[in-house]
Amino acid sequence: MKNRILQIAQKELVRFFSDKRLLITVLILPGVLLYILYSIMGMSSLFNPHNNEPLIMGINYSKSIDTLFKSKGIDIFWSEDNIEQEDISKDINSGKYNLIMILPQNFDDKVFLYDIKTGLKAPNIELFYSSSDNFSYGVYYQACSILVSYEETISNSFDINNETIKYDVSEQKTNMQIIKLLPTLIMTMLCLGCTSVAPESIAGEKERGTIATILVTPIKRSEFALGKLLSLTIIALLSGFSSTLGVLLSVPKLMNNTIQLSIQQYILLAIIIMSTVIVIISLLCVISTFANTVREATSSLMPIMLLITIISAIPILINVPDNFIWIYFVPLLNSALSMSDIFLNEYNHIYIIINIISNIVFTGIISSIFTVMLNSEKVLFNK
């Protein structure tokens, strides 16, 4: 059985790698298009030059925070005077400061004395920034990364932006929307790659009449299904790798090097892309099985592609509350949300794990449906 499955998979892979058009469409085009799109989107920031040194104002001096930022080569301009929300907005939007950090008075003492067992709220650091300014958002992103890393070393003894007030003082959300648009672009490219191979795999066999010849051999239909899925999954993963590579190379250009994803974020992003692409390819295989020709299969997949694009755009349209954990069980939508969370540096490891497991389980269910469909004469030959 194993050898038969591998033979079918090998046949499909040979057909794929001998077709230059498919190689370009599936393996090269997604990564190249993502790289070009992100690079063009990031070119707008070149027309808004800033001083390379971040301008951060700190309210209520903290020796630990000051030392922490200086160790990263960042100086904070400290003040003990209170500042009004209106002045915060004015100073950031005018470019006087890129970030304003407000600490509770006696922050170091409060952090030292804080005990999570008391159930009391931890000291909260407030970071005010402008998402419409690449540099301001980049400084905010960098500050969050520094503080989160420090927080983890002292047993989470403080919070960051844990109040319900507005920390983004920009009236324009241009850059935030660009970042939230990234998952939509990625998933569109993944669909493009999967759509190039799924119709040909089953509908193409039907159209050429070769599927009937294959099925009269001793090969079981379950073996045929598994062989097809194995080969298409390999191809889809290669397409996902291409898209991931395009993202890795272009994200720094997108935000003009003001935002740098960590190695962990890149790894999580790659895993989510890979788990998403196997969901898409298995779903497209099921849909294309109903078609008799490649053209018919391609046409039937267009509404599915549109639906996936709409689902991936949901993070742009709504802000999902943190306690909506159930939404990370929803295939495709969970991937769009997780990718958006990673780009915004707001991801939760538990949600990421739920996302990946959900995608794998959903892929298993769809694959089982695909196998059952290949056992149906009505589906295969429209009897």
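Two strands are said to pair if DSSP finds at least two bridges between them, and helices (H or I, at least four residues) and strands (E, at least two) are DSSP runs numbered from the N terminus. In this sense, strand β3 (residues 99-102) and β4 pair antiparallel over 3 bridges. The model is predicted, so that local features need pLDDT of at least 70 and side-chain atom pairs count only at pLDDT 80 or more, while totals for chains, interfaces and linings use all residues. Residues are numbered from 1 along each chain as its sequence is written, and side-chain values use heavy atoms, with hydrogens and water left out.

**The chain as a whole**

- The protein chain contains 15 helices and 5 strands.
- Of its 383 residues, 52% count as buried, where buried means under 20% relative accessible area, exposed over 50%, and partly exposed in between (1.4 Å probe, protein chains only).
- The protein chain exposes about 18600 Å², of which carbon and sulfur atoms supply 62%; accessible areas come from the Shrake-Rupley method with a 1.4 Å probe, and for residues only the protein chains shown count as cover.
- Among contacts (heavy atoms within 4.5 Å) between residues at least 6 apart in sequence, 76% join residues at least 24 apart.

- The 5 strands form an open sheet in the order β2-β1-β3-β4-β5, with mixed pairing.
- Strands β2 (76-79) and β5 stand at the edges with a single partner strand each, so one side of each is left without a neighbour in the sheet.
- Helix α3 (residues 63-70) packs on the sheet and touches β1 (56-59), β2, β3 and β4, and its direction makes about 165° with that of β2; axes here are lines fitted to C-alpha atoms, for helices over the stretch in contact, and angles run from 0 to 180 degrees between N-to-C directions.

**Strand β1 and its partners**

- In β1, Ile56 and Gly58 point one way and Met57 and Ile59 the other way, and all are buried.
- Strand β1 runs parallel to β2, to which 4 bridges join it, and Ile56 stands opposite Ile76 in β2.
- The chain crosses from β1 through α3 to β2 in a right-handed β-α-β crossover, meaning that, with the strands pointing away from the viewer, the path from the first strand over the helix to the second runs clockwise.
- Strand β1 also pairs with β3 in the parallel sense over 4 bridges, and the bridge partner of Ile56 in β3 is Leu99.

- Towards strand β5 (residues 159-160), β4 runs parallel and is joined by 2 bridges, with Ile160 as the bridge partner of Ile125 and Asp159 as that of Asn124.
- A right-handed β-α-β unit is made by β4, helix α6 (residues 134-153) and β5.

**Cysteines**

- The structure holds 0 disulfides, a disulfide being a pair of cysteine sulfur atoms within 2.5 Å.
- Cys191 is in no disulfide, and the nearest cysteine sulfur, that of Cys194, is 6.7 Å away; Cys191 has 1% relative accessibility and therefore counts as buried.
- The sulfur of Cys285 lies 8.6 Å from the closest cysteine sulfur, in Cys194, which is too far for a bond, and Cys285 counts as buried because its relative accessibility is 0%.
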